[in-house]
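Work through the exercises below with the sequence and the model side by side. Try each task before reading its solution.

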Amino acid sequence: MSDREKVIKGLEELRDHFFHEYKVCYRGDEEDVYRRFLVVDDSLALIRKQQEEIQRLCDALKPEQPKEGKDATD
């Protein structure tokens with residue numbers, strides 16, 4: 001598992017913990033728990049969006065394959 005995958009997995013577990021804690025809210029600090037949940041959830045969304053952008057840029061840098069049936073001088 002890569003470092004990125006470990007971070008994502010850890011953040012997902014933390015988010016699920018905060019979400020559960022918010023639902024149960026046995027500590028009486030519901031607003032604080034919800035803010036922590038939102039920070040973790042937003043972090044995951046940012047990581048995923050950046051990964052999509054990285055993939056898009058990598059795909060754009062790949063050389064185009066020559067089309068079959070076309071002559072190289074066309």
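**Exercise 1. How far apart along helix α2 are Tyr 34 and Phe 37, in residues and in helical turns?**

Solution. Start with the spacing. Tyr 34 and Phe 37 are 3 residues apart in helix α2, so about one helical turn separates them. Helices here are DSSP runs of H or I with at least four residues, strands are E runs of at least two, and both are numbered from the N terminus.

Next, the rings. A pair of aromatic rings is described by the distance of the centres and the angle of the planes. Rings of Phe, Tyr and Trp (its six-membered ring) pair if their centres lie within 6.5 Å; planes under 30 degrees apart are stacked, over 60 edge-to-face, and the rest tilted. By this rule there is 1 aromatic pair. Tyr 34 and Phe 37 form this pair: the centres are 6.0 Å apart, the planes make 25°, and the pair is stacked.

Last, the cover. Buried means under 20% relative accessible area, exposed over 50%, and partly exposed in between (1.4 Å probe, protein chains only). Tyr 34 has 36% relative accessibility, so Tyr 34 is partly exposed. Phe 37 has 13%, so Phe 37 is buried.

A note on the basis: this is a predicted model, in which local features need pLDDT of at least 70 and side-chain atom pairs pLDDT 80 or more, while totals for chains, interfaces and linings use all residues. Residues are numbered from 1 along each chain as its sequence is written, and side-chain values use heavy atoms, with hydrogens and water left out.

**Exercise 2. Which residues does Phe 37 touch, not counting residues up to four places away in sequence?**

Solution. Contact means heavy atoms within 4.5 Å. With that sequence limit, Phe 37 touches Arg 15, Phe 18 and Phe 19. Phe 37 and Glu 21 are 16 residues apart along the chain, and their C-alpha atoms are separated by 9.3 Å.

**Exercise 3. Which residues make up the largest nonpolar core?**

Solution. Take the rule first. A nonpolar core is a set of buried Ala, Val, Leu, Ile, Met, Phe, Trp, Tyr and Cys residues joined through side-chain atoms within 4.5 Å. The largest one has 6 residues: Ile 8, Leu 11, Phe 18, Phe 37, Val 40 and Leu 44. Then assign elements. Both α1 (3-24) and α2 (30-61) give two or more residues to this core.

Compare with the buried residues of α2: Val 33, Phe 37, Val 40 and Leu 44. Leu 11 touches Val 40, Ser 43, Leu 44 and Ile 47, not counting residues up to four places away in sequence.

Gly 10 lies in helix α1. With a relative accessible area of 36%, Gly 10 is partly exposed. The C-alpha atoms of Gly 10 and Val 40 are 9.9 Å apart, across 30 residues of chain.

**Exercise 4. Which residues are linked with Arg 15 in a network of salt bridges?**

Solution. A salt bridge is a side-chain nitrogen of Lys or Arg within 4 Å of a carboxyl oxygen of Asp or Glu. The count comes to 6. The network links Arg 15, Asp 16 and Asp 41.

Step through its bridges. Asp 16 pairs with Arg 15, with closest N and O atoms 3.5 Å apart. Asp 41 also pairs with Arg 15, again at 3.5 Å. Asp 41 is in helix α2 and Arg 15 in helix α1, so this pair ties together parts 26 residues apart in sequence. Asp 16 is partly exposed at 44% relative accessibility. Asp 41 is partly exposed at 27%.

Contrast a bridge within one helix. Lys 9 pairs with Glu 13, with the closest N and O atoms 3.1 Å apart. The two are 4 residues apart in helix α1, so about one helical turn separates them. Lys 9 is partly exposed at 41%, and Glu 13 is partly exposed at 46%.
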